[in-house]
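Subject: Structure handover

Hello,

Please find the structure below. Some notes on what was found follow it.

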Amino acid sequence: MSFILEGILAITWKQCVMYLVGILLIWLAIKKNYEPSLLLPMGFGAILVNLPFSGVLNQPNEVLGEVPGIIQWLFETTIEASEALPLLLFIGIGAMIDFGPLLSNPKMFLFGAAAQAGIFLTMTLAVLFGFGLKDAASIGMIGAADGPTAILVSQVLKSDYAGQIAVAAYSYMALVPIIQPIAIKLVTTKKERAIRMEYNPKNVTKTMRIVFPIVVTVIAGLVAPSSVSLVGFLMFGNLIRECGVLNSLSDTAQNVLANLVTLLLGITISFSMQADKFVNMNTILIILLGLVAFVLDSMVGVLFAKIINIFSKKKVNPMVGAAGISAFPMSARVIQKMGLEADSQNHLLMHAVGANVSGQIASVLAGGVILNLIPTLIG
């Protein structure tokens with residue numbers, strides 16, 4: 001009884017805040033169905049790591065001295081030391097993606113590239129707010145709407161705010177259907193949202209589908225060597241999907257591997273959500289800057305499409321530019337829904353999917369560029 005009382009008395013107000021954060025994440029996962037496979041373990045992990053004398057963190061051992069608890073061990077082994085969990089997740093993501101719509105309409109590559117501008121704009125803004133370069137770059141990655149890349153970049157750069165960045169990145173990914181329509185409507189008219197686009201798919205051969213991930217990996221390795229682990233694992237997963245001789249492994253990567261790694265990643269990243277590191281004014285600022293990054297990525301994609309329309313005879317629906325973020329396939333579905341709202345016969349899904357999968361590639365390339373650039377600037 002005295003030990004229980006000692007534990008209760010050891011709880012700080014910051015830990016109480018983290019219990020509420022954990023409960024909020026669990027509620028969003030269960031009640032709202034927002035990224036449940038990741039927000040639920042993150043929420044439960046936030047409670048676990050903030051319990052007094054928690055056995056999931058470092059704990060004394062009479063024989064071995066201080067030994068790491070399970071969550072600390074997972075974090076130090078699979079994220080801090082090797083970045084294994086985020087990278088393994090890319091294999092599953094790659095196996096889920098069909099690059100056919102992108103290969104059928106290569107122009108969509110441009111929208112994936114343009115929609116990453118918010119990353120670098122927000123990075124600049126974060127520096128102006130007093131964050132160091134490594135932290136600012138990690139915060140900017142939230143705008144890519146690519147949780148694994150944001151986690152990986154923050155860990156490689158040894159950001160002091162990895163937990164906050166992970167929570168913000170995945171929360172905004174989950175909130176794509178709410179945030180993105182608002183951002184798009186701020187920079188478009190109903191007439192622009194009603195622009196129709198013809199879809200005339202070109203034949204994408206099996207050979208093209210197989211060669212594509214190999215070529216992208218080689219180019220990424222030459223342009224941004226630090227992106228090879230990111231792009232390479234994503235493309236390896238896609239090659240498993242497209243090769244045609246590993247169907248059972250492709251199914252495993254898409255379902256069992258992706259789900260298992262996501263669950264482990266969620267509860268492992270909660271190590272960075274300890275109250276003394278998480279509960280401060282910088283957390284609120286990071287959440288706000290993450291929102292700015294996300295909104296800017298969507299808006300820049302739209303504005304880029306509008307610039308293209310100035311010089312193009314065949315008009316592009318500007319909303320397709322917003323699908324260039326990495327939130328696949330949620331963003332493409334949002335664009336399709338908004339297109340139908342503006343014109344009940346306006347079907348933009350395949351165009352948006354092309355831009356969306358382009359954004360998946362562009363976000364990991366952007367992460368690689370940052371990993372190449374920041375150490376050079378700091379050094």
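With which residue does glutamate 242 form a salt bridge? The partner is arginine 241, and the closest N and O atoms are 3.4 Å apart. A salt bridge here is a side-chain nitrogen of Lys or Arg within 4 Å of a carboxyl oxygen of Asp or Glu.

Before the rest, two notes on the source. This is a predicted model, in which local features need pLDDT of at least 70 and side-chain atom pairs count only at pLDDT 80 or more, while totals for chains, interfaces and linings use all residues. Residues are numbered from 1 along each chain as its sequence is written, and side-chain values use heavy atoms, with hydrogens and water left out.

Salt bridges

Glutamate 242 is buried, at 12% relative accessible area, whereas arginine 241 is partly exposed at 26%. (Buried means under 20% relative accessible area, exposed over 50%, and partly exposed in between, with a 1.4 Å probe and protein chains only.) Through shared partners, salt bridges join Asp98, Arg209, Arg241 and Glu242 into one network. The structure holds five salt bridges. One of them is between arginine 209 and aspartate 98, at 2.6 Å from N to O. Arginine 209 lies in helix 14 and aspartate 98 in the loop between helix 5 (84-96) and helix 6 (100-104), so this pair ties together parts that are 111 residues apart in sequence. Helices are DSSP runs (H or I, at least four residues), numbered from the N terminus.

Aromatic pairs

There are five aromatic pairs in the structure. Rings of Phe, Tyr and Trp (its six-membered ring) pair if their centres lie within 6.5 Å; planes under 30 degrees apart count as stacked, over 60 as edge-to-face and the rest as tilted. The pair of phenylalanine 111 and phenylalanine 304 is edge-to-face, because the ring centres are 5.9 Å apart and the planes stand at 80°. Phenylalanine 111 belongs to helix 7 (residues 108-114) and phenylalanine 304 to helix 18 (residues 281-311), so the pair ties together parts that are 193 residues apart in sequence. Phenylalanine 111 is buried, with a relative accessible area of 0%, while phenylalanine 304 is partly exposed at 25%.

Threonine 122

This residue lies in helix 8 (residues 117-128). Threonine 122 counts as buried, at 0% relative accessibility. A polar atom of the threonine 122 side chain lies 3.4 Å from the backbone nitrogen of alanine 293.

Regards

Terms used:
Helix = DSSP H or I, 4+ residues; strand = E, 2+ residues; numbered from the N terminus. Polar contact = N/O pair within 3.5 Å; in protein donor to acceptor, adjacent residues only side chain to side chain.
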